[in-house]
Amino acid sequence: MVKLSGKTAIVTGAGSGMGRAIANLFAKEGARVVAVDLNGDSVEAVVSEIKETGGDVVGVTGDVMKQDDIDRMVEMATKTFGSLDILVNNAGIMDNFLTVGEVTDEVWDRVLGVNLTGPMKLARAAIHVMEKQETGGVIVNNASVGGLFGTRGGAAYVASKHALIGLTKNIAATYGTLGNIRANAIAPGGVNTNIGATITAPSELGMKAIQGAGEAPMGEAEQIATVALFLASDDSSFVNGDVLKADGGWTAR
Ligand SMILES: NC(=O)c1ccc[n+]([C@@H]2O[C@H](COP(=O)([O-])OP(=O)(O)OC[C@H]3O[C@@H](n4cnc5c(N)ncnc54)[C@H](O)[C@@H]3O)[C@@H](O)[C@H]2O)c1
């Protein structure tokens, strides 16, 4: 039996890596998917991939940092599919492991904008829909082990992911216990995606710090998609405000 039948899900960063795997898996599990990405070509690619397998999907080319685009994403869910049941805040960017002594205002603002402010604005818009639905809704935030430990990214990345986990707990503690909306976070370790290509000029000091954490076992995007499915489905109906690490044991050492 499929696990997301009749549910509408927005997945950001759906054009690549984990977002693409999540969008594909959710569609296979019966969800109507709104696949969002900044990159229009990758939106088209994931939409045709899902349609080829008989899935229900619409694409939105948009930026999670722009309120107008966020409004379009939510409208696409409610007007095309009639509800918004699941939000996966997955889009995220890295920061070249820049330490606090090295980070520029521009990098700080962009990383915090995409990884934290965008997810907050999307969660806010989604909650305005979900709180009116009898069935409520579910929010899954793709954080990182960088949201739990100090060395798995630069200052901006680590700060943004710690704050995203804080936001997740706040949503869970308010709308979860006093309403019908659950929110959980995933903390992936190393995963083979296209994000590595954005590490163009890594900070020497930042890289030294992450090397101290030992080599990360590498996972595949599909291994995170199944974690997202668990958190988005009724299988996790009593899990709220939690952070599920999926790092192959990297941080257990
Ligand atoms: N790959 C890893 O090792 C790893 C580990 C821990 C956490 N994460 C997190 O997982 C999430 C997914 O990353 P990934 O590794 O699949 O990366 P990826 O680069 O393969 O995919 C990210 C997608 O997000 C899109 N995107 C970027 N900025 C956007 C914006 N402003 N608006 C809309 N879309 C935007 C990109 O175009 C891209 O398609 C990120 O939040 C990342 O921080 C990744």
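# A tour of sheet and helices

Select helix 1 (residues 17–28) and helix 2 (residues 40–52): their axes come within 10 Å and cross at roughly 25 degrees. An angle under 35 degrees counts as roughly parallel, so helix 1 is roughly parallel to helix 2. The crossing of this pair is right-handed. Keep in mind that you are looking at a predicted model.

Now show the side chains at this contact. On helix 1, pick Arg20, Ala23, Asn24 and Ala27. On helix 2, pick Ala45, Val46, Glu49 and Ile50. Colour them by class. You get five nonpolar, one polar and two charged residues.

Seven strands form an open sheet, in the order 3-2-1-4-5-6-9, with parallel pairing. Which strands sit at the edges? They are strand 3 (56–61) and strand 9, and each pairs on one side only. Neighbouring strands are turned by 15 degrees against each other on average, direction ignored.

As background, strands of a sheet pair through backbone hydrogen bonds, either parallel or antiparallel.

Zoom in on strand 2 (residues 32–37) and strand 3. They run parallel, joined by six bridges.

Bring helix 1 back. It lies across strand 1 (8–12), strand 2, strand 4 (86–89), strand 5 (137–142) and strand 6 (181–188). Compare its direction with that of strand 1: the angle is about 165 degrees.

Then select helix 5 (residues 155–176). This helix also packs on the sheet, where it touches strand 5, strand 6 and strand 9. Helix 5 makes about 160 degrees with the direction of strand 6.

Helix 4 passes helix 5 in a right-handed crossing.

Show the residues that meet here. From helix 4, they include Trp108, Val111, Leu112 and Met120. From helix 5, they include Ala156, Tyr157, Leu164 and Tyr175. What classes do the residues of this contact divide into? There are 17 nonpolar, two polar and one charged.

Start with Val111, in helix 4 (residues 105–130). Is Val111 buried or exposed? Its relative accessibility is 1%, so Val111 counts as buried. Beyond residues up to four places away in sequence, Val111 touches Ile93, Met94, Asp95, Leu116, Ala156, Tyr157 and Ser160. Now draw a distance from Val111 to Lys245. They are 134 residues apart along the chain, and their C-alpha atoms are separated by 21 Å.

Move to Ser233. Find it in the loop between helix 7 (221–232) and strand 9 (243–246). Ser233 is buried, with a relative accessible area of 2%. Leaving aside neighbours within four places in sequence, Ser233 is in contact with Lys3, Leu4 and Arg182.

Finish at Gly150, in the loop between strand 5 and helix 5. Its relative accessibility is 59%, so Gly150 counts as exposed.

Technical notes:
Residues numbered from 1 in each chain as written. Predicted model: local features only at pLDDT ≥ 70, side-chain atom pairs only at ≥ 80, totals over all residues. Heavy atoms only, no water. Helix = DSSP H or I, 4+ residues; strand = E, 2+ residues; numbered from the N terminus. Buried < 20%, exposed > 50% of the residue type's maximum accessible area, 1.4 Å probe, protein only. Contact = heavy atoms within 4.5 Å. Pairing = 2+ DSSP bridges. Axes fitted to C-alpha atoms, helices over the stretch in contact; angles between N-to-C directions. Parallel < 35°, antiparallel > 145°, perpendicular 65-115°, else oblique. Left-handed = near helix turned anticlockwise from the far one by under 90°. Nonpolar A, V, L, I, M, F, W, Y, C, P; charged D, E, K, R; others polar.
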